Amino acid sequence: MALLKWPKPGQNRSAPSEDAAEGRMPLMDHLRELRNRLIIALLGLVAGIIIGLVFFDPIWAFITKPYCGLPASQVLRKGECTFAIRGVFEAFFVNLKVAALFAVVVSSPVWLYQIWAFVTPGLYRNEKRYSATFLGIAIPLFLAGAALAYVIMDKGLSILLGFAPANAIPLLEMDDYLTYAMVMLIIFGVSFELPLLMVFLNVIGVLPHATVAAHRRMVIFIMFVFAAVATPSTDPFSMIALALPMVLLFALAEGFMYLRERRAAAKGDDFSHLSDDEASALPDEVSPLDSDTTDSDPAR
């Protein structure tokens with residue numbers, strides 16, 4: 001995204017200018033760029049949906065593997081994982097949901113690049129560097145959280161289905177299981193991003209390390225409460241599996257914040273103790289510009 005600036009009178013809009021080099025463009029050109037990038041992103045999503053519909057069977061087999069590995073999934077048919085379908089259109093909509101989720105993941109390089117290319121012209125060089133760094137860390141963290149959710153999903157399902165009495169048969173519907181799996185993957189992935197958000201707020205000067213250290217116990221307690229409420233399975237195993245990595249990442253983020261502020265203080269760049277309304281001290285020595293000013297020429 002760039003700064004909006006109308007061309008000067010008589011200036012050729014098609015000719016390259018300093019404004020174009022600095023990332024500024026007229027409003028209509030800005031909207032046209034937004035439209036083109038949205039079209040490219042949507043085309044990537046559509047292509048991903050088509051691929052997801054074609055390869056639905058292996059994708060569905062991958063998503064349902066945590067449940068199909070449990071004995072409860074093979075009660076109706078020995079040696080075969082079974083799901084229930086409640087409505088006529090349920091299987092069709094499940095196909096569409098799986099294809100859409102697959103498209104969002106597979107086409108992520110396309111739409112992420114379109115967002116990046118649209119936003120970066122309006123950023124300063126250091127802001128571009130920070131954005132690229134945080135984006136490069138955020139994606140692996142989200143994938144790590146989703147991978148952890150996928151690994152422990154069968155444990156949570158086993159605990160929940162274990163509460164069923166002996167004369168009850170578990171009968172999961174396709175849409176219910178898909179919703180459960182996606183919520184688990186998204187919650188674990190987003191939860192792994194929270195420590196990165198802390199670091200980001202510290203870098204821009206909003207969240208100092210002293211504030212985090214003063215409320216450390218409360219933050220850890222809130223993490224366990226969040227893990228208990230956020231996990232759809234509500235079993236203690238899933239809660240602990242989510243809370244412990246969050247606490248570990250929180251400790252790493254706090255350590256980074258401490259080292260960063262300590263390094264800034266050693267360089268003399270720490271201004272966190274100053275008030276926003278406090279005036280900075282002026283040097284006593286005479287500036288070279290002041291030495292050229294004479295009383296005989298006040299205009300200078």
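Let me start with the nonpolar patch on the surface, formed by Leu53, Val88, Phe89, Phe92, Phe93 and Leu96, with about 650 Å² of accessible area together. Patches here take residues with over 30% relative accessible area and no salt bridge, nonpolar side chains being joined within 5 Å; a salt bridge is a Lys or Arg side-chain nitrogen within 4 Å of an Asp or Glu carboxyl oxygen. Areas follow the Shrake-Rupley method with a 1.4 Å probe.

This is a predicted model, in which local features need pLDDT of at least 70 and side-chain atom pairs count only at pLDDT 80 or more. Residues are numbered from 1 along each chain, and side-chain values use heavy atoms, without hydrogens and water.

Helix α5 (residues 90-106) gives the most to the patch, with 3 residues. Helices are DSSP runs of H or I, at least four residues long. Phe93 is found in α5 and, at 46% relative accessibility, counts as partly exposed, that is, between buried (under 20%) and exposed (over 50%).

I turn to helix α6 (residues 108-119). Its 12 residues should span 16 Å at 1.5 Å a residue, and its end C-alpha atoms are 16 Å apart, which agrees; the expected span is 1.5 Å times one less than the number of residues. The buried residues of α6 are Ser108, Gln114, Ala117 and Phe118, and they pack against α2 (27-54) and α5, with contact meaning heavy atoms within 4.5 Å.

Finally, the record. An unreviewed UniProt entry lists residues 98-119 and 180-206 among its "transmembrane region" spans; such annotations may be inferred rather than shown by experiment. In the model, residues 98-119 are 95% helix, with end C-alpha atoms 30 Å apart. Residues 180-206 are 81% helix, with end C-alpha atoms 36 Å apart.

Definitions and conventions
Patch = residues over 30% accessible without salt bridge, like charges linked within 9 Å, V, L, I, M, F, W, Y side chains within 5 Å. Helix = DSSP H or I, 4+ residues; strand = E, 2+ residues; numbered from the N terminus. Buried < 20%, exposed > 50% of the residue type's maximum accessible area, 1.4 Å probe, protein only.
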